[in-house]
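Student: I would like to learn how to read the features of a structure. Please take me through this one.

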Amino acid sequence: MRALVVDHGEAGPVRFADVDEPVPSGDEALVEIRHIGLNFGELNYLHRWPAGAVHGHDAAGVVVRAASDGSGPPEGTRVALGMSAHAWAERVAVRPASLGTVPEGVDLADAAALGIAGVTALRVLRKRSLLARDVLVTGASGGVGHFAVQLAALAGARVTALVGSPERAAGLRELGADQVLTDLAQTERRFDLVLDTVGGPLVAQAWSRLAEGGTLHLVGYSAGQDTTFPSGTLFGFGEPRTIATYGDMTPTSGELTDLLGLMAAGRLSAPVGLRGDWQDVDDAVRALFARKVHGKIVLDVA
């Protein structure tokens with residue numbers, strides 16, 4: 001069967017290859033993949049994966065063989081895969097803990113956009129009550145950012161979306177952002193929670209705008225720059241402020257189920273900024289690295 005595998009050469013980060021068919025264990029379902037969802041991190045930080053390995057974590061498809069031990073969804077079930085290794089192939093063996101059942105009315109391609117981005121946003125925003133609190137989402141035009149803006153607004157927060165340019169602000173107010181900025185100097189708000197996907201100097205800026213008792217959650221570092229805190233800024237009176245890292249790779253089935261339920265109810269939309277065929281993955285990767293895509297990239301598996 002065909003799959004996208006890790007390529008450490010100049011032609012990378014992924015290439016097509018013929019690989020062995022998966023052989024499911026007793027607690028794994030065999031899923032025929034219909035769509036894959038691309039993420040910046042897994043494509044940009046390729047040294048974390050061995051050359052030749054089937055790549056990717058997010059996808060959606062149909063169960064063609066249920067797990068032989070009776071666990072998980074039955075044959076014919078439409079499913080989303082989230083944070084499931086080796087997902088970018090025509091067929092994948094996967095445990096039920098990494099699957100979410102896609103309800104009627106939810107497009108499989110939209111379900112493929114959830115995975116890492118949707119689960120990350122949901123897990124961070126569940127760390128505290130957001131009702132009537134101020135939340136800042138940086139890199140709000142990206143996949144995590146689009147989901148975070150919607151979910152924070154659903155939870156009753158006053159949401160500020162920060163983007164890199166006016167062109168990347170499109171649609172964020174419609175998703176629930178109270179204000180959309182290109183510079184933190186444009187607001188006087190102090191934030192109870194910051195979800196940062198950018199890293200670099202912006203982390204220090206966001207820290208300076210954090211309210212007493214607030215938390216700055218670091219979920220990405222797309223800027224690729226160091227963060228320097230000016231002398232004295234990490235000292236303060238009042239209720240302690242905190243910086244929290246994120247790297248939760250625990251099973252995602254519960255969060256996928258919740259997110260898909262919100263989609264089915266019309267309360268959450270998938271931020272698909274580019275839809276295409278997986279044959280054109282090289283073009284999709286270039287568009288992703290050039291920051292030309294607002295939201296997620298979903299490719300159809302022919």
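Tutor: Start with the rings: ring pairs link Phe 40, Tyr 45, Tyr 221 and Phe 289 into a cluster. Rings of Phe, Tyr and Trp (its six-membered ring) pair if their centres lie within 6.5 Å; planes under 30 degrees apart count as stacked, over 60 as edge-to-face and the rest as tilted. This is a predicted model, in which local features need pLDDT of at least 70 and side-chain atom pairs count only at pLDDT 80 or more, while totals for chains, interfaces and linings use all residues. Residues are numbered from 1 along each chain as its sequence is written, and side-chain values use heavy atoms, with hydrogens and water left out.

Student: How many aromatic pairs does a search of the whole structure find?

Tutor: The search finds six. One of them joins Tyr 45 and Tyr 221, which are stacked at 4.8 Å centre to centre with 20 degrees between the planes. Tyr 45 is in the loop between α1 (40-44) and β4 (58-65) and Tyr 221 in the loop between β12 and β13, so the pair ties together parts 176 residues apart in sequence. Helices (H or I, at least four residues) and strands (E, at least two) are DSSP runs, numbered from the N terminus.

Student: Is Tyr 45 buried or exposed?

Tutor: Buried means under 20% relative accessible area, exposed over 50%, partly exposed in between (1.4 Å probe, protein chains only). Tyr 45, at 15% relative accessibility, counts as buried; Tyr 221, at 41%, counts as partly exposed. Another pair, Phe 235 and Phe 237, has ring centres 5.2 Å apart and planes at 80 degrees, so this pair is edge-to-face. Both Phe 235 and Phe 237 are exposed.

Student: Which residues are buried in helix α6?

Tutor: In a helix, residues three or four places apart point the same way, because an α-helix has 3.6 residues a turn. In α6 (residues 201-208), the buried residues are Leu 202, Val 203, Ala 204, Ala 206 and Trp 207. Arg 241 lies over the face of Trp 207, at 4.3 Å from the ring centre. A charge sits over a ring if NZ of Lys or CZ of Arg is within 6 Å of the ring centre and within 35 degrees of the ring normal.

Student: Which residues make up the covered face of strand β6?

Tutor: In a regular strand the side chains alternate between the two faces of the sheet. In β6 (residues 91-94), Val 92 and Val 94 form the covered face, and Arg 91 and Ala 93 the uncovered one.
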